[in-house]
Amino acid sequence: DFAIGYQIEGKEIYRNGDFDLTVLLTDKTEIHKKALDISKKELVICINEWFNEDKNLRAEFEWYCQTNKYFINNSGGASGERSRTNENFRIRNNQLELQILQKLKHKFPETRFISQQSVVDADQINGTSPAERLKNLIEYHLGGIYKSHKLSTEYARNTSELKASAADKQTLAPMLSPAEVIVNDFITSHNNQVTVYDLVAHFEKEPFGWRAEALLDILIHLVKKKKREFAYNRQQRYPIVDFINKALSTAERTSCEIITGEDIDQEVIDNVQKAYKHIFNENLAKSTDGNEQADLLITALEKWNQHYEIFQEKYYGPYKFGNCFHLAVNQLNQWLGLQRDPAKLFNEVIDAQINAKELFDLAKGIEDFAAKALRDYDGLKRWYDTNQDNFRELTADDHVKVKQVEDFFTLEDPRKDFRHALKVKEELDQACLLYTSPSP
């Protein structure tokens, strides 16, 4: 999770790390004094304490370095005896390198360190091999600087895990983890409105050192647990997946905010529950929390929207009575378009309940009508279309009846007139039969 800057006695190998790892080789500064001269985040390996005391090792190392420098400056061009001499020196220098490495490995368990401006004795770091000891040393150092880092380890470690968390529909337990408490309290202390940019900047520093992906995952948990809401460009209740896709872009983070949802009066919540029952003749799942109630209402409205979209697709256009399904879908989509503003959504449903009840009662009635009478309705329409030539020969009184059938097919609610239309059909059938029968 952390980048390491690396240097040997002031010579930088890697720059711009989250912390610097420095190896002292020939520095003669007393170790406790040295600890006061470095930054808190710098980790120092004090090989110099025993390296300076080992004259043979120092001489070998200096010889090794001088030989390497010679080969670097004289990389080509030698031939004959000089080439063979250079190759012998190279072989000996490689052997010397192995000897030096062995001595360094042998002495490394005795090496002291400086971490957070304090001297760390060799026996404070576990491990048998240099690699293991270095790994434990770095963990020891980071554990002191980023004391709260472990709180974030159960959250997303990369973009893939973060997006999976955002898309997960599983309901989370309402209790907050220690990391979530810390972030939630930080948002509270900033007037309950903080940008992702500011959050990332704060929690990437000590004592946290949290990855941006882990922090965003913590925010997802706060939203799913109904503690916070996402807002993008002032648009409240922004969808989690869409918000995370925005927040992954550094350039968008100042537009991504974590806020507290609007408090909605309990009377408004009670009234929207009553209005829903009045409109749809069924109870709405209830909550005393405005945001939770909004989610429950939206889920119910989406269910009805899916239901009436099926009938709209089947009947709107071919049948005049299909218009009610179109109007129902339009009304539901209008409400669903307000889902990012729960208070406005609630008030719209409450204010529209009288007209909405008429509309959805009609839609329910036409749905029943279509289920029971569509075959006869279609049969009546076919009969009307195929008898146009016969109708022209009927009397004026019969033409009035034909017009009644014609008008019947323009009705958006044909239920009351359907039986009468069928009776008129029988009468016109009889009239057509008299017209087509041969004269005696």
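The legends below describe several views of a predicted model.

**View 1. Overall dimensions of the predicted chain.** The C-alpha atoms, taken along the principal axes, fill a box of roughly 140 × 65 × 35 Å. The radius of gyration of the chain is 41 Å, whereas a compact globule of 440 residues would have a value near 22 Å.

**View 2. Secondary structure and contacts within the chain.** When contacts between residues at least 6 apart in sequence are considered, 63% of them join residues that are at least 24 apart.

**View 3. Surface and burial.** The chain exposes about 25,400 Å², and carbon and sulfur atoms supply 49% of that area. Of the 440 residues in the chain, 40% are buried.

**View 4. Charged side chains.** The chain carries 58 positive side chains and 70 negative ones, and the centres of these two sets lie 5 Å apart.

**View 5. Cys324 and Cys432.** Cys324 has a relative accessibility of 3%, and because buried means under 20%, Cys324 counts as buried. The relative accessibility of Cys432 is 7%, so Cys432 counts as buried under that cut-off. A disulfide is a covalent bond between the sulfur atoms of two cysteines. The structure holds zero disulfides.

Technical notes:
Residues numbered from 1 in each chain as written. Predicted model: local features only at pLDDT ≥ 70, side-chain atom pairs only at ≥ 80, totals over all residues. Heavy atoms only, no water. Rg over C-alpha atoms; globule rule 2.2 N^0.38 Å. Buried < 20%, exposed > 50% of the residue type's maximum accessible area, 1.4 Å probe, protein only. Contact = heavy atoms within 4.5 Å. Areas by Shrake-Rupley, 256 points an atom, 1.4 Å probe, with all protein chains shown as cover. Lys, Arg positive; Asp, Glu negative; His and termini not counted. Charge placed at Lys NZ, Arg CZ, Asp CG, Glu CD. Disulfide = S-S within 2.5 Å.
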